[in-house]
Amino acid sequence: MRSLTSALTTIRRSPYQALVSISMMTVTFFVAFSFSLAVLGANHVLRYFETQPQIIAFFEIDAGQESISQAAEAMKKKPYVKDVTIVSKEEALKIYQESNKDEPLLLELVTADILPASIEVSATDINSLPQVKSDLESLSGVEDVDFQESIIEQLNRWTRSLRSVGLGAVVILAVISFLIIFVIIAMKATSQKTAINIMRLIGATKGYIKKPFMYEGMIYGMTGALLGWLAMYASLLYLTPWIKEFVGEIGLFPIPGEFFVYQLAAGLLAGLLLGGMAGMLAVSRLIRR
Amino acid sequence: MLTFDHVTKQFTEDSYGVRDITFEIEPGEFVFITGPSGSGKTTLMRLMTREYTPTEGEIHLEDLPVSALKNSQLHELRRRIGVVFQDYRLLTDLNVWENIALPLYIIGKKQAEIEERVTDLLKLVELTDKALLFPRQLSGGEAQRISIARALATGPGIIFADEPTGNLDNENAVRIGKLLHKINELGTTVLMATHDENVLGVFKGTRRMRLDNGKLVEDKGKKKASVSVRVKDAAPNSVEDDKNRQETGKKELETENDESAETQTEKPAKKGLLGDLLKKKSKED
């Protein structure tokens, strides 16, 4: 308790140094929380696309209903196929009409006869898509297979990149924050070198001397984490309408409340460790000397 | 008991702090360590508190082998020794009360106990009214008395005062000497490094170890304490009482010789005795 009071007193006596430390920590955690949110969103988007029909096999115009049903049944039996949907000529016309309802000219010219029937297949795993594609191509009556491989692959790559860039940025910022807290606390400890020596001489353990500095670092870390989280949350609330419009039908919202709780808890713990370690190492160097 | 057994501290090839020093100090003794500047008085203290490690020889404080202690055990040694410095070394950010309480916080005493102890010590050094002042607001003599109170806080068995009167005028120097004597009367072993003739003049007959160029050249009045314990006089009722007591003590000090001092020595020197005596005195008050 006394060590904590001592840490708070030191912070009060050097408010600008405290401000620098907390600001840097806030930026670090703001970026970390924002990236974790972005990664969550990207995963959502990826999952959305993964659950959509990923491969469409178009049948020849004169393909009979029976051969289409047989093809669908054959595909359903495959262990890596999650779902198979048959789209008949009539249903294809309805889809066409729906997507071109604003252009009557296009609608007039098209009838069900000229549209091919198709089956939409989704795989259990994104990695099985090439196999599904090859199976569909081998079926009789299939004229063309439309595989959105590039889109899925690209999304997957983006998500991986986002994770890597986010992690890299957070690690760099965390190292900078650590060094800033380390330097500031080391400066304070150096200015109290005489007091530290006296305390050592009157029987203080190294731990007793380190404690206030560790608490100071922890306070910087935890305050930075809390402020970073609040800034991230405020930004999210502000940007929600824009994000909703951007992602369209992909249901990113509402984000589960537990996610924010875990995020804040992890942030506070990371701030505690980061600040505490910086404080401890800063004063350890001095005590060792 | 404090024992130095053929202790040498060599800094460089031809520079020695102390050379082949051997002595024993019994519990409850009052010992002056004298000698000119650079004779090794401070080195002796630093060896005792393990700021320096001896190049040769062994140091023992009671059951603790000082020279062989690990760094992680140093606090155990330092809690047994109260140190008083020439330049007081009070923490400037802390007030008088907090400075005295600091060693008690360090050893994890409870708040109520700390308050009681600090109050007793402030009474002992007669600075109760200065409890809330900061070191820069104190005179040299007052700062040194606070430094002594801090050294006594944990009830150490031994106190080493390194030139405690070096920055003080004659009157304050003698006063500090008497205060240390009073503490010795309460059972604490006191080692006082000084070359202040005024102080030495007041305490004739007290054991003196003289260092010169790092060597122990004289050890007079060996193992003889100077005064006997009178519990009722342990803490002053008032400044006036204390003055009277100090005058009496001074006369006794001046008249007693080594032989009589030896027969008067009845001082128990257990750690924490000072606290018990002060408590007893407080109850009497």
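Reply: Let us begin with a definition: a salt bridge is a side-chain nitrogen of Lys or Arg within 4 Å of a carboxyl oxygen of Asp or Glu. In this predicted model, the rule finds 1 salt bridge across the interface of chain A and chain B, and in it the side chains of R13(A) and D93(B) meet at 3.6 Å, N to O.

Me: Which elements of chain A each supply at least two residues of the side that touches chain B?

Reply: Those elements are α1 (2-13) and α8 (193-201) of chain A, and α8(A) gives the most, with 5 residues. By class, this side of chain A has 7 nonpolar, 2 polar and 3 charged residues.

Me: What is the area buried between chain A and chain B?

Reply: The size of an interface is often given as the accessible area lost when the parts come together. Here the area buried between the two chains is about 1500 Å², of which carbon and sulfur atoms give 67%. Of the area that chain A buries against chain B, 44% is supplied by R2(A), L201(A) and I202(A), more than by any other three residues.

Me: Where does E62(B) lie, and what is its phi?

Reply: Most residues other than glycine have a negative phi. E62(B), although not a glycine, has a positive phi of about 50 degrees; this residue lies in the loop between β4 (56-61) and β5 (64-65) of chain B and is partly exposed, with a relative accessible area of 48%. D20(B) also has a positive phi, near 45 degrees, but its place is in strand β2 (residues 15-25) of chain B.

How values were computed. Residues numbered from 1 in each chain as written. Chains lettered and ligands numbered in written order. Predicted model: local features only at pLDDT ≥ 70, side-chain atom pairs only at ≥ 80, totals over all residues. Heavy atoms only, no water. Buried area = accessible area lost by both parts, 1.4 Å probe. Helix = DSSP H or I, 4+ residues; strand = E, 2+ residues; numbered from the N terminus. Nonpolar A, V, L, I, M, F, W, Y, C, P; charged D, E, K, R; others polar. Buried < 20%, exposed > 50% of the residue type's maximum accessible area, 1.4 Å probe, protein only.
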